[in-house]
Amino acid sequence: MTQDLDTLLTALYVKIDDEIGGTRWMGRPPLLTDSELVCLALAQALLRRYRSRHAARAARR
């Protein structure tokens, strides 16, 4: 499962980075790029959905 998740997140990051494009900021550089931030937000949403479905199935049992 972990290896599949790593592959999914890597592919997701590459796709997002290709779509968003270059960096845009003024002043001090950010700690995360826009692509990294969007990828993290999507990963959290996907994992939350997976965990809630898993918890719901376990509760029914």
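Me: Is Asp17 buried, partly exposed or exposed?
Reply: In this predicted model, local features need pLDDT of at least 70 and side-chain atom pairs count only at pLDDT 80 or more, while totals for chains, interfaces and linings use all residues. Residues are numbered from 1 along each chain as its sequence is written, and side-chain values use heavy atoms, with hydrogens and water left out. Buried means under 20% relative accessible area, exposed over 50%, and partly exposed in between (1.4 Å probe, protein chains only). Asp17 has a relative accessible area of 31%, so Asp17 is partly exposed.

Me: How many helices does the protein chain have?
Reply: Helices (H or I, at least four residues) and strands (E, at least two) are DSSP runs, numbered from the N terminus. The protein chain has zero strands, and its helix count is two.

Me: How far apart in space are Asp17 and Glu36?
Reply: Asp17 belongs to helix 1. In sequence, Asp17 and Glu36 are 19 residues apart. From C-alpha to C-alpha, their separation in space is 8.0 Å.

Me: Which residue is 8.4 Å from Val14, C-alpha to C-alpha?
Reply: Val14 is in helix 1 and counts as partly exposed because its relative accessibility is 43%. The residue at 8.4 Å from Val14 is 21 residues apart from Val14 in sequence, and it is Ser35.

Me: Which residue forms a salt bridge with Glu19?
Reply: A salt bridge is a side-chain nitrogen of Lys or Arg within 4 Å of a carboxyl oxygen of Asp or Glu, and the structure holds one. Glu19 counts as exposed, since its relative accessibility is 57%. The closest N and O atoms are 3.2 Å apart, and the partner is Lys15.

Me: What accessible area does the nonpolar patch of Leu31, Leu32, Leu37 and Leu40 have together?
Reply: Patches take residues with over 30% relative accessible area and no salt bridge, joining like charges within 9 Å and nonpolar side chains (Val, Leu, Ile, Met, Phe, Trp, Tyr) within 5 Å. One member, Leu32, sits in the loop between helix 1 (2-20) and helix 2 (34-60) and is partly exposed, with a relative accessible area of 37%. Together the four residues have about 440 Å².

Me: What percentage of the residues in the protein chain is buried?
Reply: The accessible surface (Shrake-Rupley method, 1.4 Å probe; for residues, only the protein chains shown count as cover) comes to about 5600 Å², and carbon and sulfur atoms account for 58% of that. The protein chain has 61 residues, and the buried share is 7%.
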